[in-house]
Structures are given as C-alpha cells and as structure tokens.
Amino acid sequence: MTPVTKLPRYPGYDVLAKRNSPSWDAVTRRVVDERLATPNMPRFFTEEEWEVADALCRRIVPQPGETDAVSLVALLDAKLLANHGGGFREVDMPYMQEAWRKALAALDGEARAKHGAHGFSELSEENQDALLLAMQQGKVSGERWAGIDAKTFFDRRILVDVPPLYYEHPKAWNEIGFGGPASPRGYVRLDGDRPDPWEAVEAPPGDEDKVERENCRVI
C-alpha cells in the first residue's frame, strides 16, 4: 500500500503568490479578494442562527487546532445573503434562505428538547454529531421542522452548501495544490504526470525539502 503523505502535501506552495502573475486575471483577483475579505460577522443570519450555523459548519468540516481556520459560517452567511442558489428549487424544499432559517431553528429546537434546554452550539461535539447523524438518517421530524424533511435538508443543503465553502478558499487550495481557475493561463502538459511550471508539486515522503524549494518558485 502506498503510504499516505501527511500535510502539507505541497510544502512551500502559496497560491496567493499567483495573484499578480499571468496565472490569474482581474476577475480571479477580484473574486478571491472578495472571498478573503468576507466579514466574520452575521449579515444574513441573526446572532442566534449564526451560533447554530457556526457549530454545524465546525462539525461538517472540522479544523481542530488550526490557527488559520476558515470561517465557514461567514462564507455561508455571505452565500445566503447573496442568495445565489442553483437556479432551481427542490420540489419538497423551500427556497435556500428560508430552508436554512427553518432548519437551523429546528436543529436548535431538537438540541434543547433532548439536552435540557441547551442549544446546539452548547452541546459537546459528540452530542452535536449524534444529532446531525439523526438528521442524516431521517430520525428527527415533527412540528418544529415546519414542513422540512431533516434528511432531505442534510443531503441537499448541508452537504451541498457547506463542504464547497472550504474548498473555495485559498487555504484549501494550498492543501490540495490547486492553482485557481485555469483561465487565462491554462494547462499545456496534459499527460505523462508532468506538471506545468506554474503548478504545485506534491511531495512524496522524504522529498519535502526538495519539493518545498520547487514550490516556492511556483507562480
């Protein structure tokens, strides 16, 4: 079995070094700048909804002990504020903004009903995971869900909305060696496992120092 390379798999690589290089155009620079400047405060959510959503995001994409953790709740808040959905509505779900508000209220209500008035954000990680698992398995329902099917919301909103927020962030791009949109530079070496000079190199175990020197030159 091939050993798994521990993080960082792309030592020395910083996708933001491409910002003023031919790899990025003005559109990419603007989009990334806006993403990095996302206010870490509620603008769509209420304070109460923000707390529940923050706890939920932390369980869906845990980032334990990371000082530069991505604020997924801030990105989710921005997504809902912009209200840029998929261009359609699931037949058995409200529109995105309404669905999130109702589901967060229901999730918090489930927590308070099961854990002595403690809201979802106040629960232990173990109890938060148990409640989310109950959602995923369709084991919670009732009036507090206001017509939303918990399993459907988990499958079609939580799993669709939250994980991509992490992988839209340059921190995640550094972790997976992604350089951002292919346009305008594109890719030339499309076979033979040969990266273009502007692509990050993955470090095999034992070659981290050599690869770090190479990746410091990637722009």
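**Close-up views of a predicted model**

A search of the whole structure finds 18 salt bridges, a salt bridge being a side-chain nitrogen of Lys or Arg within 4 Å of a carboxyl oxygen of Asp or Glu. The model is predicted, so local features need pLDDT of at least 70 and side-chain atom pairs count only at pLDDT 80 or more, while totals for chains, interfaces and linings use all residues. Residues are numbered from 1 along each chain as its sequence is written, and side-chain values use heavy atoms, with hydrogens and water left out.

**View 1. Arg 9 and Glu 202 meet in a salt bridge.** The N to O distance between the two side chains is 2.5 Å. Arg 9 belongs to the segment before helix H1 (26-36) and Glu 202 to the loop between H7 and H8, so the pair links distant parts of the chain, 193 residues apart. Helices are DSSP runs (H or I, at least four residues), numbered from the N terminus. Arg 9 is partly exposed at a relative accessible area of 31%, and Glu 202 is partly exposed at 33%. Here buried means under 20% relative accessible area, exposed over 50%, and partly exposed in between (1.4 Å probe, protein chains only).

**View 2. Glu 49 forms a salt bridge with Arg 101.** Their closest N and O atoms are 2.5 Å apart. Glu 49 lies in helix H2 (residues 47-60) and Arg 101 in helix H4, so the pair ties together parts that are 52 residues apart in sequence. Glu 49 counts as buried, at 14% relative accessibility, whereas Arg 101 is partly exposed, with 30%.

**View 3. Glu 98 forms a salt bridge with Lys 102.** The closest N and O atoms of this pair are 2.8 Å apart. Both residues lie in helix H4, 4 residues apart, which is about one turn of the helix. Glu 98 is partly exposed at 38% relative accessibility, and Lys 102 is partly exposed at 28%.

**View 4. Asp 77 is a buried residue of helix H3 (residues 72-82).** Asp 77 counts as buried because its relative accessibility is 0%. A polar atom of the Asp 77 side chain lies 2.8 Å from the backbone nitrogen of Phe 45. Leaving out residues up to four places away in sequence, Asp 77 touches Met 41, Pro 42, Arg 43, Phe 44, Phe 45 and Trp 50, where contact means heavy atoms within 4.5 Å.

**View 5. Helix H3 packs with helix H6.** The angle is about 115° and the axes are 9 Å apart; axes are lines fitted to C-alpha atoms over the stretch in contact, and angles run from 0 to 180 degrees between N-to-C directions. The contact is made by Leu 72, Leu 75, Leu 76 and Lys 79 of H3 and by Asp 161, Val 162, Leu 165 and Tyr 166 of H6.

View 6. Most residues other than glycine have a negative phi, and most peptide bonds are trans. Ala 117, in the loop between helix H4 (96-114) and helix H5 (125-136), has a positive phi of about 75°. Ala 146, in the loop between H5 and helix H6 (150-167), has a positive phi of about 50°. The peptide bond from Ser 183 to Pro 184 is cis, with omega near 10°. Pro 184 is found in the loop between helix H7 (170-176) and helix H8 (208-215).

Technical notes
Helices (H or I, at least four residues) and strands (E, at least two) are DSSP runs, numbered from the N terminus. A polar contact is a pair of N or O atoms within 3.5 Å; within protein, one must be able to donate a hydrogen and the other to accept it, and residues adjacent in sequence count only if both atoms are side-chain atoms.
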